[in-house]
Amino acid sequence: MLIIGIAGGTGSGKTTVVKKIIESLPKDEVTVIPQDCYYNDNGDIPLEERLKMNYDEPASIEWTLLCQHLMQLKSGKSIDRPSYDFLTCSRLPERVKLAPRDVVVVEGILVLCDKPLRDMMDVKVFVDADADERLIRVIERDCIERGRTPQMVIDRYRETLKPMHELYIEPSKRYADLIVPQGGNNNVAIMLLTDYIRSLLSNGVNHIKVKR
C-alpha cells in the first residue's frame, strides 16, 4: 500500500490535484481520506460556540483516530470513516466504509503538521498557490457550499485563516517531497507526481520509503 499525504493552504487546489491523481490511475485503486472528516467531535458544545472555534490549527483534528484508521487500512482491514457537517461544525452519525486500496491519499491543510501521521506517508506533497487566488476560491466555496456571506469569509480569513496558515501550514512545506506550484493548474507537476506514484507501485514501496 502506498500512502500519499497532500497538504496546502485552504483553496490551494488540493482537491483538484487529488482528482487528477485518481483519474490517472486504474479505477478503484485509490482511497481518499479527507482530514476534515476527523475534526474533533464537538457536538456537546453549543452551536454558537462551535461556530467561533478555530478549525485551522492542529489541535482541532483527532490525529490519533486518523492514524489508527490508516494502520487498519494498511493491515488490510476496512474502516468506518467519520462524516462531518460544516454547517453545524459537528460530526454526523453516519459513517462511510472505506476499503484498503493500493493507494491511500490523506488530504488536508494540516496533514504534514502531525509527525506520527507524516511518518506513515510514503510521499508527501504540498500544493502551493498565491494567497489572493486561495482567498478567491475560499470565498466562492464557502458562499456556495457553506452558506456564508463574502464578508463572513473575509473576516474569518483575516482573523483565523491567514495567521494559522503562516503559523502552521506554510512551515509544514519543509516536510514535502514535492511542492506543486500554481495549485491544481500545474499539469506538468501533477503528471510527474502521478508517474512517480505509478513507478512506486510497480517497484514496491517498501524498498524506497524514507521517513522524515
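**Salt bridges and the parallel sheet**

Lys173 is buried, with a relative accessible area of 18%; buried means under 20%, exposed over 50%, and partly exposed in between, with a 1.4 Å probe and protein chains only. The structure is a predicted model, in which local features need pLDDT of at least 70 and side-chain atom pairs count only at pLDDT 80 or more, while totals for chains, interfaces and linings use all residues. Residues are numbered from 1 along each chain as its sequence is written, and side-chain values use heavy atoms, with hydrogens and water left out.

**Salt bridges**

- The whole structure contains 10 salt bridges, a salt bridge being a side-chain nitrogen of Lys or Arg within 4 Å of a carboxyl oxygen of Asp or Glu.
- Lys173 forms a salt bridge with Asp128, at 2.8 Å from N to O.
- This pair links distant parts of the chain, 45 residues apart: Lys173 is in the loop between α6 (150-169) and β7 (178-180), and Asp128 is in the loop between β6 (123-127) and α5 (131-145).
- Helices (H or I, at least four residues) and strands (E, at least two) are DSSP runs, numbered from the N terminus.
- Arg91 and Glu62 form another salt bridge, with their closest N and O atoms 2.5 Å apart.
- Arg91 is buried, at 16% relative accessible area, whereas Glu62 is partly exposed, at 28%.
- Within helix α6, Lys162 and Glu166 lie four residues apart, about one turn of the helix, and their closest N and O atoms are 2.8 Å apart in a salt bridge.
- Salt bridges with shared partners join Asp128, Glu170 and Lys173 into one network.

**The sheet**

- Five strands form an open sheet in the order β2-β5-β1-β6-β7, with parallel pairing; two strands pair if DSSP finds at least two bridges between them.
- Strands β2 (30-34) and β7 stand at the edges with a single partner strand each, so one side of each has no neighbour in the sheet.
- From one strand to the next, the twist averages 20°; axes are lines fitted to C-alpha atoms, for helices over the stretch in contact, and angles run from 0 to 180 degrees between N-to-C directions.
- Strand β2 runs parallel to β5 (residues 103-107) and is joined to it by five bridges, and Val32 has Val105 in β5 as its bridge partner.
- Helix α1 (residues 14-24) packs on the sheet and touches β1 (2-8), β2, β5 and β6, where contact means heavy atoms within 4.5 Å.
- The direction of helix α1 makes about 155° with that of β1.
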